[in-house]
Amino acid sequence: MADKKQENLLEYKGKPLVRCGKTIYYGSMEEPYVICLNVQSNTEIKDLQVSEKVVIQLLSTDPDVSPKEKIIKKSEKEGLFNALDLGAVWLERALKKD
């Protein structure tokens, strides 16, 4: 059953994308870091909701770290693609350091 769920996950650059409301997690919780994208505002273009302002956070997945210390980096971008692209670079660099 778990294998079927894994097959249906969206991926970006080989890492899973999981959405919960206006929050998107990029990366695997089994790795030391993940990216959290929080959509702050949307605009409607031809009956389609398009993300405008997105907050990006590089988070530690270490359960022993306090919630404040989990945030390694934080930024804000215009548009979901710009935010996801920056997050992918942050995540790749962070994972190479460990």
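Modeller: Two strands are said to pair if DSSP finds at least two bridges between them. Strands themselves are DSSP runs of E with at least two residues, while helices are runs of H or I with at least four, and both are numbered from the N terminus. The structure is a predicted model, in which local features need pLDDT of at least 70 and side-chain atom pairs count only at pLDDT 80 or more, whereas totals for chains, interfaces and linings use all residues. Residues are numbered from 1 along each chain as its sequence is written, and side-chain values use heavy atoms, with hydrogens and water left out.

Biologist: What pattern do the helices and strands of the protein follow along the sequence?

Modeller: The protein has 3 helices and 8 strands. Read along the sequence, they follow the pattern α-β-β-β-β-β-β-β-α-β-α.

Biologist: What makes strand 2 and strand 3 a pair?

Modeller: Strand 2 (residues 15-20) and strand 3 (residues 23-26) share 4 bridges in the antiparallel sense. The definition asks for at least two bridges, therefore the 4 bridges of these strands qualify them as a pair. Within this pair, Val18 stands opposite Tyr25 of strand 3.

Biologist: In which order do the strands of the open sheet stand?

Modeller: The open sheet has 6 strands in the order 1-2-3-4-7-8, with antiparallel pairing.

Biologist: Why are strand 1 and strand 8 placed at the edges?

Modeller: Strand 1 (10-12) and strand 8 (71-78) each have a single partner strand, so one side of each lacks a neighbour in the sheet. Neighbouring strands of this sheet are turned by 25° against each other on average, direction ignored.

Biologist: How is helix 3 placed relative to strand 4?

Modeller: Helix 3 (residues 80-97) lies across several strands, among them strand 4 (33-39), and runs at about 165° to strand 4. Such angles run from 0 to 180 degrees between N-to-C directions, with axes fitted to C-alpha atoms, for helices over the stretch in contact.

Biologist: What joins strand 5 to strand 6?

Modeller: Strand 5 and strand 6 run antiparallel and are joined by 4 bridges; Thr43 has Val50 of strand 6 as its bridge partner. The two strands form a hairpin with 2 residues between them, and Lys46 in the turn has a positive phi of about 50°.

Biologist: Why is Asp47 called exposed?

Modeller: A residue is exposed over 50% relative accessible area, buried under 20%, and partly exposed in between, using a 1.4 Å probe and protein chains only. Asp47 has a relative accessible area of 72%, and therefore counts as exposed. Asp47 lies in the loop between strand 5 (42-45) and strand 6 (48-51).

Biologist: How do you know whether Lys13 is buried or exposed?

Modeller: The relative accessibility of Lys13 is 57%, so Lys13 counts as exposed. Its place is the loop between strand 1 and strand 2.

Biologist: What share of the whole protein counts as buried?

Modeller: Of the 98 residues of the protein, 34% count as buried.

Key:
Contact means heavy atoms within 4.5 Å.
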